[in-house]
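Good morning, colleagues. Please look at the sequence and the structure on the screen while I go through the charged pairs and some backbone angles.

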Amino acid sequence: MYAQTSGGAFRGEVRDASTAVLPHAKIAIRSVDTGVEVVTESDQEGLYVTPTLISGSYELTAVT
């Protein structure tokens with residue numbers, strides 16, 4: 001039996017205006033459709049990945 005997963009994840013890199021990476025920045029991902037928010041944090045290299053999210057529209061906000 002095979003399973004299908006609907007949705008995906010966001011992954012990216014957080015940088016400041018001078019293009020320096022921002023470690024430990026909080027990334028808030030809020031569903032426009034449901035209002036549910038997930039928060040993740042960038043690693044030492046400014047990289048982040050979210051858990052799997054359902055398909056839809058999202059707003060991402062980074063806070064250092």
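**Salt bridges and backbone angles**

There are three salt bridges in this structure, which is a predicted model.

I begin with Arg15 and Glu13. These two residues form a salt bridge in which the closest N and O atoms are 2.9 Å apart. Arg15 is partly exposed, at 43% relative accessibility, and Glu13 is likewise partly exposed, with a relative accessible area of 43%.

The next pair is Lys26 and Glu41, whose side chains meet in a salt bridge at 2.6 Å, N to O. Lys26 counts as partly exposed at 40% relative accessibility, and Glu41 counts as partly exposed at 34%.

Which residue does Arg30 meet in a salt bridge? The partner is Glu59, at 2.8 Å, N to O. Arg30 is partly exposed, with a relative accessible area of 29%; Glu59 is partly exposed at 40%.

I turn now to the backbone. Thr19 is in the loop between strand E1 (11–13) and strand E2 (26–31). Its phi is near 75°, a positive value in a residue other than glycine. His24 is also found in the loop between E1 and E2, and has a positive phi of about 60° although it is not a glycine. His24 is partly exposed, with a relative accessible area of 42%.

Technical notes: Residues numbered from 1 in each chain as written. Predicted model: local features only at pLDDT ≥ 70, side-chain atom pairs only at ≥ 80, totals over all residues. Heavy atoms only, no water. Helix = DSSP H or I, 4+ residues; strand = E, 2+ residues; numbered from the N terminus. Buried < 20%, exposed > 50% of the residue type's maximum accessible area, 1.4 Å probe, protein only. Salt bridge = Lys/Arg side-chain N within 4 Å of Asp/Glu carboxyl O.
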